[in-house]
2 protein chains.
Amino acid sequence: MLFSFKERFPSLNPYWERYMALQKRVEYPARTILLKEGKTAQNYYFVEQGCLRLCFDNNGKDTTVQFFFENEGLASLESFRKDIPSIFTIETIEPSIIHVLPKTVFNEMLRELDQNPDFLKALIDISFERQHHYMNEFLSRIRDTPLERYLNLRKERPHIVKRVPQHYIASYLGITSVHLSRIKNKISRKK
Amino acid sequence: MLFSFKERFPSLNPYWERYMALQKRVEYPARTILLKEGKTAQNYYFVEQGCLRLCFDNNGKDTTVQFFFENEGLASLESFRKDIPSIFTIETIEPSIIHVLPKTVFNEMLRELDQNPDFLKALIDISFERQHHYMNEFLSRIRDTPLERYLNLRKERPHIVKRVPQHYIASYLGITSVHLSRIKNKISRKK
DNA sequence: TACATTTAATAACAAATGTTATCGTCCCCT
DNA sequence: AGGGGACGATAACATTTGTTATTAAATGTA
């Protein structure tokens, strides 16, 4: 995510490179928890290989909010930014290779670039992108039926349907895995 | 919303005041559409008196996303910022007195303050606040039942329940007005 | 290879929520 | 004052989705 801003704000490249060099490259097995709900986020993660999910415990039900694949970055943003307990858990789905950027490094960067308009504008852009993303997730949950959401997922992001176990997809669509089974059954019978 | 930043970024006060002076003060009757879904947002609105809602047509069903009361400001942000057709409609609920800030004025402000770190930081703060707000709306829709959401609304924002017609509240809670009636009935029988 | 764990499908039943229709009240508007 | 629209309650019925339990296939691992 951060990295797509290299072209838009080339003046920041020396900074990105200097700070990104401070990441650690770590291998995790499948179903490893990188950040547990309730703990304060200490790191920003970048996926070199594998896949993660952002999720939370919803009255005992596991709910997935977002999936992350190769070349995508993430953190439990609110927790990361405000130093408060995370609402979310971050967990690997597949065995994964992750670049871990400690918050201390990020904060140094914040301090150094605190007055740099290009850096601030990059943050604004990042923030608006995220806002846009969540707004769309929000609207899709409201306006689309589970069937529509599933068909849309299959069409727009087939890699998710291929690589992610079905019960995580169900928890992402906001339904039970039983119901997702029914939906798939219905689709295949229609064809 | 913008106005709570006066204390945090006092250096910007001369700008706020200069630009805010360019607003128009307008009275609208109830059920007046200020921005129609599909049109591009031309204004930022600030409520002096009355109440508005942000909503959209959801396959024929009217869905309310947010309510705005006295001293709150709003725009169809994506449309306003990116000059694209608005996903949302903005409509008065009660007869209202609204301060209207044209986008042209806002854009002048953007240009003038484009390199001002305090201004950029104020935008970042505003953006994060909105993100936080929508994240919570999103989570509440997922994790809470309509009953819980209604009880919570009644407790946390009783003015909404008092001033807003019930079918708008239902559309905000994500249920039909019939179902909201049932919920209210159930609550009153329990007491 | 064999055993345990994870994953997926299905059935039967239960609960939540939507749909449609009817009725009564209130309140704006002319 | 009266008429039309907006608002809210309720009932009967339909649909969607969840719950629980069972079975089977796939997968990882000793």
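How much space lies in the largest pocket? About 1,100 Å³, in a predicted model whose chain A has eight helices and eight strands. Here is a short tour, starting with the ground rules.

This is a predicted model, in which local features need pLDDT of at least 70, side-chain atom pairs count only at pLDDT 80 or more, and totals for chains, interfaces and linings use all residues. Residues are numbered from 1 along each chain as its sequence is written, chains are lettered from A and ligands numbered from 1 in the order in which they are written, and side-chain values use heavy atoms, with hydrogens and water left out.

**Chain A as a whole**
- Helices (H or I, at least four residues) and strands (E, at least two) are DSSP runs, numbered from the N terminus.
- Along the principal axes, the C-alpha atoms of chain A fill a box of roughly 60 × 30 × 30 Å.
- Chain A has 191 residues, and 50% of them count as buried, meaning under 20% relative accessible area with a 1.4 Å probe, protein chains only.

**The largest pocket**
- A pocket is an open set of points on a 1 Å grid over the protein atoms alone, where a 1.4 Å probe fits, with protein on both sides within 12 Å along at least five of seven lines; lining residues have an atom within 4 Å of a point.
- Its volume is the space filled by probe spheres set on the points, with grid points joined across faces, edges and corners.
- The lining holds 43 residues, and those nearest the centre are A:Arg141, A:Ile142, A:Gly174, B:Arg141 and B:Ile142.
- Two or more lining residues come from each of strand 5 (61-68), helix 4 (117-143), helix 5 (146-156) and helix 7 (166-173) of chain A, and from the elements with those numbers in chain B.
- Helix 7 of chain A gives the largest share of the lining, five residues.

**Helix 7 of chain A**
- This helix is largely enclosed by the rest of the structure, because six of its eight residues are buried.
- The buried ones are A:Tyr168, A:Ile169, A:Ala170, A:Ser171, A:Tyr172 and A:Leu173.
- After helix 7 of chain A comes A:Gly174, with a positive phi near 90°.

**A tryptophan in helix 1**
- A:Trp16 sits in helix 1 (residues 13-20) of chain A.
- With a relative accessible area of 4%, A:Trp16 is buried.
- A:Trp16 and A:Met109 are 93 residues apart along the chain, while their C-alpha atoms are separated by 8.8 Å.
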